[in-house]
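The sequence and structure come first.

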Amino acid sequence: MLIKPPRLRRGDVVGLIAPGGYTNDAAIEKAVRNIEALGFRVKPGAYLREVFGNYAGSVQQRLADLHAMFADPEVTAIWPIRGGSGCISLLSGLDYALIRRNPKVLIGYSDITALHLAIFKQTGLVTFHGPVASSTLTAYATQHMMAVLTEPQATYTIPMSLENAERAAQEPHFGIHTFTHGVATGPLMGGNLSMVAALAGTPYAADIGNSILFLEDVNEAPYRIDRWMTQLDLAGGFANAAGVVVGICQNCGPEHEDVSLTLERTLALHLHPLVIPAVSGYSIGHIRNQFTLPMGVRATLDTHAQTITLLEAAVS
């Protein structure tokens with residue numbers, strides 16, 4: 001049974017935290033502007049400005065902020081300021097019973113994938129793979145994020161970004177490539193490829209079977225993309241998914257001097273043999289124009305229409 005958090009309404013309080021990488025005043029100011037521009041109020045975490053190596057404070061401090069936001073009755077949504085690294089270290093210390101008792105919107109991408117997968121696996125709470133609080137919010141990203149978080153609808157169809165399609169002329173990885181056409185339906189599952197792979201074989205692993213599996217990454221060489229996709233295939237099997245969607249992987253091509261497969265050929269090694277619908281270049285990832293996907297919600301992937309349609313509301 002899915003647990004759906006209450007929908008967001010104008011004036012709601014959004015908890016601003018840094019569960020992974022450290023942040024700075026400029027990013028905090030940008031995040032506050034973003035939240036207030038959307039009509040919400042901001043409540044910063046007590047340890048938001050902490051720095052511990054490249055992390056935003058110790059594991060205990062980051063857990064304290066996350067738990068405090070879930071426990072605070074005034075807070076309706078929790079919005080990490082960035083990803084970075086370090087969220088995986090929180091998983092064994094999370095109070096999943098507290099989270100289950102206090103369902104709230106949690107939104108973010110990149111390293112936040114660790115929280116999405118663990119919380120969904122342990123509680124059934126629908127969380128949201130979408131912009132972080134310090135993202136540069138475009139009209140496209142804002143439209144689809146707010147539609148999913150504030151407007152419960154029986155169905156909602158998400159088209160791909162036209163701006164991303166236009167960029168494909170100069171940046172081929174922005175183009176949509178269909179390896180296998182078709183229509184597939186299943187619960188949405190996935191996130192950042194390196195994090196999904198890191199959690200394989202743990203109690204927090206993504207349930208790939210019969211899912212619409214979505215993946216993305218940034219600043220990774222093709223050989224690492226190949227390694228992680230091989231790991232996932234060995235652990236769960238892409239063929240067991242209902243469909244596979246790879247987003248726009250920024251800066252994931254080989255260096256000019258490298259002897260290497262291209263990103264597209266690397267993806268083809270894993271996706272071309274599949275008989276299930278499989279595509280790359282959809283509008284998710286470390287990009288400005290990204291849409292928001294609710295973890296665990298049933299959806300339909302249509303490769304001909306180049307859309308993903310949510311088949312149920314993601315919020316209550």
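By class, the second largest pocket is lined by two nonpolar, seven polar and two charged residues; Ala, Val, Leu, Ile, Met, Phe, Trp, Tyr, Cys and Pro count as nonpolar, Asp, Glu, Lys and Arg as charged, and the others, Gly among them, as polar. The model is predicted: local features need pLDDT of at least 70 and side-chain atom pairs count only at pLDDT 80 or more, while totals for chains, interfaces and linings use all residues. Residues are numbered from 1 along each chain as its sequence is written, and side-chain values use heavy atoms, with hydrogens and water left out.

A pocket is an open set of points on a 1 Å grid over the protein atoms alone, where a 1.4 Å probe fits and protein lies on both sides within 12 Å along at least five of seven lines; its lining residues have an atom within 4 Å of a point. Points are joined across faces, edges and corners, and the volume is the space filled by probe spheres set on them.

| Pocket | Volume | Lining by class |
|---|---|---|
| Largest | about 300 Å³ | seven nonpolar, ten polar, one charged |

Among the residues lining the second largest pocket are Lys-30, Arg-82, Tyr-109, Val-132 and His-286. The largest pocket has a volume of about 300 Å³. Its lining comprises 18 residues, of which Pro-172, His-173, Leu-263, Glu-264 and Leu-267 are the closest to the centre. Two or more lining residues come from each of β7 (177-180), α9 (263-271) and β11 (278-285), and α9 gives the largest share, three residues. Helices (H or I, at least four residues) and strands (E, at least two) are DSSP runs, numbered from the N terminus.

Gln-250 is placed in the loop between β10 (243-248) and α9. Gln-250 counts as buried because its relative accessibility is 15%, buried meaning under 20% relative accessible area with a 1.4 Å probe and protein chains only. Beyond its neighbours within four places in sequence, Gln-250 contacts (heavy atoms within 4.5 Å) residues including Arg-167, His-173, Asp-217 and His-286.

An open sheet of six strands runs in the order β2-β1-β3-β4-β5-β12, with mixed pairing; strands pair if DSSP finds at least two bridges between them. The edge strands, β2 (41-44) and β12 (293-294), each pair on one side only. Strands β1 (residues 13-17) and β3 (residues 75-80) run parallel and are joined by five bridges.

How values were computed:
Buried means under 20% relative accessible area, exposed over 50%, partly exposed in between (1.4 Å probe, protein chains only).
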